Amino acid sequence: QVQLVESGGGSVQAGGSLRLSCVASGYTYSRACMAWFRQAPGKEREGVATIHTGGRLTYYADSVKGRFTISQDNAKNTVYLQMNSLKPEDTAMYYCAAKIGCLEVDFRFYRYWGQGTQVTVSS
């Protein structure tokens, strides 16, 4: 049974930092792509960052390049999203997602999803 559990959300002031974590279980972690998505009220879900667990390939949304960094700890089956220079427009529910046996490191075809962790950035 594939399970993804996010943590690390909270409320911060604009310009602050936050690190999200996602612990994965129930599948072969090294053969998956892991990603962070976010969704604000009334808006479409958007991809934020993704990484291939078997290598170093990463992909970022233009809106977060230079501010957010995705990383992983394979020994812990965990991916992280380090968020710096946070802006109010980053406020959203952040979701961890996975796709198994992926060939494309992008935001398409994610099948498994966590429950989300709320990030609120105040001005």
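Two strands are taken to pair if DSSP finds at least two bridges between them. The structure described here is a predicted model.

In this model, four strands make up an open sheet, arranged in the order β1-β3-β8-β7 with antiparallel pairing. Strands β1 (3-7) and β7 (68-73) are at the edges and have a single partner strand each, so one side of each lacks a neighbour in the sheet. On average, neighbouring strands of this sheet are turned by 20° against each other, direction ignored. Within the sheet, β3 (residues 18-25) and β8 (residues 78-83) run antiparallel and are joined by six bridges. Leu18 has Met83 in β8 as its bridge partner.

Strands of a sheet pair through backbone hydrogen bonds, in either a parallel or an antiparallel manner. Strand β4 (residues 32-39) pairs in the antiparallel sense with β9 (residues 92-100) over eight bridges, and Trp36 is found opposite Cys96 in β9. Strand β4 also pairs with β5 (residues 46-52), again in the antiparallel sense, over six bridges. Here Met34 has Ile51 in β5 as its bridge partner. A hairpin is formed by β4 and β5, with six residues between them, and Gly42 in the turn has a positive phi of about 80°. Strand β4 is mostly covered, since seven of its eight residues are buried.

Side chains of opposite charge can pair when their charged atoms come close. The model contains six salt bridges. One of them joins Asp90 to Arg38, with the closest N and O atoms 2.9 Å apart. Asp90 lies in the loop between β8 and β9 and Arg38 in strand β4, so this pair ties together parts that are 52 residues apart in sequence. Asp90 and Arg38 are both buried.

Asp90 also forms a salt bridge with Arg67, at 2.7 Å from N to O. This pair likewise links distant parts of the chain, as Arg67 lies in the loop between β6 (58-60) and β7, 23 residues from Asp90. Buried means under 20% relative accessible area. Asp90, at 1% relative accessibility, therefore counts as buried, and Arg67, at 10%, counts as buried too. Arg38, Glu46, Arg67 and Asp90 are linked in a network of salt bridges.

A further salt bridge is formed by the side chains of Arg108 and Asp106, at 2.8 Å from N to O. Arg108 is partly exposed, with a relative accessible area of 44%, whereas Asp106 is buried, with a value of 13%.

Terms used: Residues are numbered from 1 along each chain as its sequence is written. This is a predicted model: local features need pLDDT of at least 70, side-chain atom pairs count only at pLDDT 80 or more; totals for chains, interfaces and linings use all residues. Side-chain values use heavy atoms; hydrogens and water are left out. Helices (H or I, at least four residues) and strands (E, at least two) are DSSP runs, numbered from the N terminus. Axes are lines fitted to C-alpha atoms, for helices over the stretch in contact, and angles run from 0 to 180 degrees between N-to-C directions. Buried means under 20% relative accessible area, exposed over 50%, partly exposed in between (1.4 Å probe, protein chains only). A salt bridge is a side-chain nitrogen of Lys or Arg within 4 Å of a carboxyl oxygen of Asp or Glu.
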